[in-house]
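Please take a look at the chain shown here.

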Amino acid sequence: MIFIFLDGVTCYDAYTKCDFTLRAHIIAWTGDIPALTKIMNITGHNSYSGCRFCDIKGIYSQKHKHVYFPPKKGSYAKKKHSNWLLHINEIEDVTLSKQQKEELIQQYGKNYYLGY
Ligand SMILES: [Zn+2]
């Protein structure tokens, strides 16, 4: 359905009696954390890369059986769209094994490998 966003759909305007190209653009969406996780194809707030805004890395606690995010001094690097695309391309590389893809998914927090 991406072609609709790029090319639009020809529609008829009865007022002007002319055809025009209708394009749709998503400018915002909202939802709770699980919903946003699914929409964005990310691994979720309990994963090692659980923040959709920054590159904070979680640590697994054997004692509590949970990933947590210890505070650090300073700020975390914001996620960049260009890196997001690079990570997706890496994960989708057809020459990688399933194990390699899963390691990248865990590292980047993105769920673009749908082959399992
Ligand atoms: Zn963050």
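The report below goes from the whole chain to single residues.

## Ground rules

This is a predicted model: local features need pLDDT of at least 70, side-chain atom pairs count only at pLDDT 80 or more, and totals for chains, interfaces and linings use all residues. Residues are numbered from 1 along each chain, as its sequence is written.

## The whole chain

The chain has 4 helices and 4 strands. Both kinds of element are DSSP runs numbered from the N terminus: helices are H or I with at least four residues, strands are E with at least two. From the N terminus on, the order is α-β-β-α-β-β-α-α.

The C-alpha atoms fill a box of roughly 70 × 35 × 25 Å along the principal axes. The radius of gyration is 20 Å, while a compact globule of 116 residues would have one near 13 Å. That radius is taken over C-alpha atoms, and the globule rule is 2.2 Å times the number of residues to the power 0.38.

Buried residues make up 9% of the 116 residues. A residue is buried if 20 or more other C-beta atoms lie within 10 Å of its own, exposed if 12 or fewer, and partly exposed in between, with C-beta atoms placed from the backbone. Among contacts between residues at least 6 apart in sequence, 27% join residues at least 24 apart. Two residues are in contact if their C-beta atoms, placed from the backbone, lie within 7 Å.

Helix H4 spans residues 98-108, and its buried residues are Leu-104, Ile-105 and Tyr-108. They sit on the same side of H4 because they cover an arc of only 105 degrees around the axis. The arc is that of the directions from the helix axis to the C-beta atoms. An α-helix has 3.6 residues a turn, so residues three or four places apart point the same way. The buried residues of H4 pack against helix H3 (81-91).

The axes of H3 and H4 come within 9 Å and cross at roughly 160 degrees. Therefore H3 is roughly antiparallel to H4, a label for angles over 145 degrees. Axes are lines fitted to C-alpha atoms, for helices over the stretch in contact, and angles run from 0 to 180 degrees between N-to-C directions. On the H3 side, the contact is made by His-87, Glu-90 and Ile-91; on the H4 side, by Lys-101, Leu-104, Ile-105 and Tyr-108. After H4 comes Gly-109, with a positive phi near 75 degrees.

## A buried lysine

Lys-79 is found in the loop between strand S4 (66-68) and H3. Lys-79 is buried because 20 other C-beta atoms lie within 10 Å. Leaving aside neighbours within four places in sequence, Lys-79 is in contact with Phe-53, Cys-54, Asp-55 and Trp-84. Phe-53 is 26 residues from Lys-79 along the chain, yet their C-alpha atoms are separated by 5.6 Å.

## Other loop residues

Trp-29 lies in the loop between strand S2 (18-22) and helix H2 (33-40). Trp-29 counts as exposed because it has 9 C-beta neighbours inside 10 Å.

Lys-17 is not a glycine, but its phi is positive, about 55 degrees. Its place is in the loop between strand S1 (9-13) and S2. Lys-17 counts as exposed, with 7 C-beta neighbours inside 10 Å. Asn-41, also a residue other than glycine, has a positive phi near 55 degrees. Asn-41 lies in the loop between H2 and strand S3 (59-61). Asn-41 is partly exposed, with 13 other C-beta atoms within 10 Å.

Technical notes: Angles under 35 degrees count as roughly parallel, over 145 as roughly antiparallel, 65 to 115 as roughly perpendicular and the rest as oblique.
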